[in-house]
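Keep the viewer open as you read.

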Amino acid sequence: MSAHGPSSLKPGERHNGDANPRRRFVGQSVTRLEDPPLVTGRGTYVGNLNFPHQLHMRVVRSTWAHAIIRSIDVSAALAHPGCRGVWTGADVADIPPITFRPTSVKGLEPYRQYILARDRVRYVGEPIAVVFAEDPYVAEDLADLVTMDAEPLPVILSADAPPGEFAPGLSTEAVVMRKAFGDIEAALRDACKVVEVDVRVGRHSGVPMENRGALARIDHSRDVLECYGQGKRPHAHRDAVAALIGRSPASMHFYEGHIGGGFGVRGEIYPEDVLTCLAAQRFDRPVKWVEDRRENLLACNHSREQHHVVRGAFDRDGRLLGIDAKLWHDQGAYVRTHGARVPDMAMGTLIGTYHVPAYRTVGYIRMTHKTPAATYRSPGRFESTYACERLMDAAAEAFGLSRIEIRRRNLIPKDAYPYARAMDILDHPVELDSGDFAGLLDKALVHMGWEQMQAEVAARRAGGECVGLGMGFFMEKSGLGPVDGAKVTVDTRGKVQVITGASSIGQGVETVMAQIAADALGVEYRDVKVIHGRTDLLEYGIGSHASRATVMTGGATRMAALNVRRKALEFAARHMVEAPVELLDIVEGQVVRVDRPGEPGIPLGKVAAALAPSPETVAFGNPGLTAEGWFETAGMTHPYGIHTALVKVDPETGQVKVERFHVAYDIGCAINPMLVEGQIVGGVAQGLGGALYEEFVYDERGEPLSVTFADYLMPTIGEMPTVDVLLTEDAPSPNNALGMKGAGEAGITGVGAAIAAAIDDAIGIPNAITRLPVTPQRLKALLQEQRAGRT
Amino acid sequence: MKAGSFEWHPARSADEAVALLAEYAPQDGRVIAGGQSLVPSMALRLAFPAHLIDINGVEEFSRVRVEAGELVVGACVRHAAFHQPVEPGPLGRLLSRVVHDIAHWPIRQRGTFCGSLANADPASEWCLVAATLGARMVARSVRGTRVIEAADWFHGIMTTALADDELLAEVRIPLLPTGSRAGFYEFSRRAGDYALAMALVAWRDDGGRMREGRIGTGSIEVQPRRIATAEALLDGRPASAEAFAEAAAAVSAAVDPLEDFHTSAGYRRDLIGTAVRRAFEQAGD
């Protein structure tokens, strides 16, 4: 893989009326600050943490996909000498079901999950009891002794199947969602051609290297219940778990430590997290729970499983008049913390980068007897981009246009911003902030050598190889607001501490915040220490999700650092230097006079020392070289990109080999291009998993068949192609001072679309791929059908 | 994924190992060498051995040697030992080609050749080698030593002729004669995965004509086996694309493929034909 720096901005050139134009670290691929403990075995993953006298919790899980619980026999477990307790649903009857985030979607409440099953179980893996022991091995022995007697009920395993009964009188169709604008009936009526695709994405999910875990205890010196191991959204989840177990939020704190991957699934509020905190409270002992991989694959959120039928109404030139879409969303057994956000985003983003005058979409959100589903990196967008791009490829075929040309004719023009769509996504009105889609397409085609690649493919085909190219154009959303805060403090040695409400899930948030703070303040980035994921150090914080940390927390960090800078300069001007503030600057951690270059400066640490509490500093305002900063965004940012794949198909086995993968991505402003590229390459790997390998398969009784890494196939380095990344900064966001857009999901969103298109091209059958993942057996069957059709 | 409790009995000699096995086999005792299949199944609580007789400390079991026209592989010889040819002839070269398709590097450092034979997974590469090349398994117990032919060794999925108190002390594989050619091909979803189909072929080149042809299949049926009807098509013919294709078709016709939720019998039947043909095409000396 090769790195490509931002292409459109010259060094030092910036946009957007920045109060502090100096750029020393922002935009540079500086090395990560967070790695030393990670590469020297000093990580603080929850599995590494222990407290004296802790209990180990083990979850007993349903082996039934759908059944009425007759009885749960815990007597054998209780009789075991190592047993310190067993709970079933009856023991936690006072705990309400797990809440979901506020939403305007009505009717989801009855589908929430209790922390232990009550009268029914609805998926294999559902927690039915927990056992407690002094030793994790004994805890697992105890769990094996708990048995359940149940009366099986019929299972529903597909969102396409007719809805059944979730509970007496309650349908498994939880809600039907609708979004629309424009006159779709007229578009369909006036169309020259209506092109339809019927496509499915399989059930897969983010599978972090670190399994879920939690360690909770009460610190009696402060009467605080502490919980370690939570990432993603510590503040919000602290509040939610506190409410569930009846504590005040101020008497409970979450500490993130190190997190081995998030991807949207790790760090949600799961029954196990609530049970761990509740147990610490009830036993008044530290309680530790760490799941194993089988549990992780059974019980951590699944995602993605959707069926899309998309009809595009095109005029005679191949321009879209409207899109009419339907979606069947497999929600699994319960509605978890995300409510209906995944189908909401799928429906809201399906039309992507295209100018669509009329749009109508209906989403059938249906419960099945499988693991509950929620967000996974690029939630809804991986699925909808795949569906929309399949439509564009089908339209290219129907109109006899190239796959590039059909897209060019429909991309939103660059002079159309801000570009509003008369609908909401996640209760926010859609307004695309900036973009130059055709410009990125031009650059991408040149950068990857599209013409040469096509020639190469043609030559190899002539030599008998089955190779092809495919493309997926996508629009992302990032920087979900509205507000985030940070606190910056300089100590008496001149070291800077940034306290943020972000979460570090491996993406490099410490480094990025340090770069932003260092430039805003005028210090070395290595002198900046970034704290994250601690509810006790900052009252508010919105964590890391939805590609938001750099934009939102970065915005807040910059504001706080600028406030500290102003404070240092004003105090120095008044009390330490005989000079007006306009003549002062901070350079490399020293307050200097701009009119006297070469004169020794005052180290920031001295300014901090001078700002120690005293009548003078109280009179100045407030003591300490510290300040908070708040950032409010005017709206979400919308980065966008193009994925291109070169694949080779083995027609005898149906095996697909991805030989090359290219990502062109406009990020507005890359704080650290190396980290952006790292995010993208990792995302591509996960995307290839969903496109070719990963699938949670169930048998007809609802028994999950993909519960180990021997059956749930994640791509390894052996399956990874070369990934070439082109980063551009042609469409900075007007919604923040640096023009930043998010990077977290850029690598994954278009992979399914690009791979499906490339396979179509390789096997020479238009619209062949309608289902992900494309397994060798499915592809071989497609090829055999084609051969049978020809003879 | 934490194993149930068990007692661990380290053996320091072959005699001690079989004595421990005689004592503990009736009490749910098992032999552990590399543990690359046994330990995961214990962790998943699919296996609950009460006693483990650990033979990793038995020095004589770690030896691989050539003796009377046979390659003799001791009970604790790791897969990784075959990364470089263990003998200078065609067999050594074949085994070093095959070993690279066995799982991943860390597993090959620990897992053992004889452990694979004793485990008898239908997808085991070494079981395919043993079945195709006619290996002989040497079983030891306090009752004595017996030799079991490959044809009698496999009794279906993960079942062998080995008695509970017997230890697979070594496997003896006949060396391939000079002038032999042999090829191996397996198909799996990812590098290092269990194969969905695999084939091993070998023959003696007799002035451009194939003699003593062997065609073995693995990962297709409950156990690896030679396909006599396909082998019969080879004798005396030149090594040609036509002969390979005919043999491949004969194999596809002869097998009764296993089916699972991911893989249909028809797909497997198709794959094995491809695997046989590619094994021939890639055969070397």
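Start at V131(A), which touches R58(A), V60(A), A77(A), C83(A), V86(A), A139(A), L142(A), A143(A) and V146(A), leaving aside residues up to four places away in sequence. Being in contact here means that the C-beta atoms of two residues, placed from the backbone, lie within 7 Å. A word on ground rules: this is a predicted model, in which local features need pLDDT of at least 70 and side-chain atom pairs count only at pLDDT 80 or more, while totals for chains, interfaces and linings use all residues. Residues are numbered from 1 along each chain as its sequence is written, and chains are lettered from A and ligands numbered from 1 in the order in which they are written.

V131(A) also belongs to the residues with the most contacts inside the largest nonpolar core, along with A517(A), V647(A), I755(A) and I759(A); that core has 235 residues. A nonpolar core is a set of buried Ala, Val, Leu, Ile, Met, Phe, Trp, Tyr and Cys residues joined through C-beta atoms within 7 Å. As for "buried", a residue qualifies if 20 or more other C-beta atoms lie within 10 Å of its own, with 12 or fewer making it exposed and anything in between partly exposed; again, C-beta atoms are placed from the backbone. Helix α14 of chain A, residues 549-576, gives the most to this core, with 13 residues. Helices (H or I, at least four residues) and strands (E, at least two) are DSSP runs, numbered from the N terminus. Apart from this core lies another, of 90 residues, and L71(B), C114(B), A150(B) and I215(B) are among them. In general, nonpolar side chains tend to be buried together in soluble globular proteins.

Now find helix α13 of chain A, residues 509-521. Its 13 residues reach 18 Å from the first C-alpha to the last, close to the 18 Å expected at 1.5 Å a residue; the expected span is 1.5 Å times one less than the number of residues. How many residues of α13(A) are buried? The count is 13 of the 13, so α13(A) is largely enclosed by the rest of the structure. After α13(A) comes G522(A), with a positive phi near 95°.

Zoom out to chain A as a whole. You'll find 19 helices and 31 strands in chain A. Its radius of gyration is 28 Å, close to the 28 Å that the globule rule gives for 791 residues, so chain A is as compact as a globular protein of that length. That radius is taken over C-alpha atoms, and the rule is 2.2 Å times the number of residues to the power 0.38. The C-alpha trace of chain A spans about 90 × 75 × 50 Å along its principal axes. Buried residues make up 57% of the 791 residues in chain A. Of the contacts in chain A with a separation of 6 or more, 82% come from residues 24 or more positions apart.

Chain A splits into domain 1 (46-153 + 212-290), domain 2 (306-479 + 635-790) and domain 3 (480-632), with bounds from an automatic or database domain assignment. The C-alpha centres of domain 1 and domain 3 of chain A lie 39 Å apart. Even so, 15 residues of domain 1 of chain A are in contact with 16 residues of domain 3 of chain A. On the domain 1 side of that contact, α5 (234-245) and β13 (252-255) of chain A each supply at least two residues, and α5(A) gives the most, with four residues. By class, this side has five nonpolar, six polar and four charged residues. Here Ala, Val, Leu, Ile, Met, Phe, Trp, Tyr, Cys and Pro count as nonpolar, Asp, Glu, Lys and Arg as charged, and the others, Gly among them, as polar.

Over to chain B, which has 10 helices and 12 strands. Its C-alpha trace spans about 55 × 45 × 30 Å along the principal axes, and buried residues make up 47% of the 285 residues. Chain B is divided into domain 1 (7-54), domain 2 (59-174) and domain 3 (180-281). The C-alpha centres of domain 2 and domain 3 of chain B lie 21 Å apart, and their contact takes 20 residues from domain 2 and 21 residues from domain 3.

Finally, the two chains meet: 18 residues of chain B are in contact with 22 residues of chain A. Helix α10 of chain B, residues 265-281, gives the most to the chain B side, with four residues.
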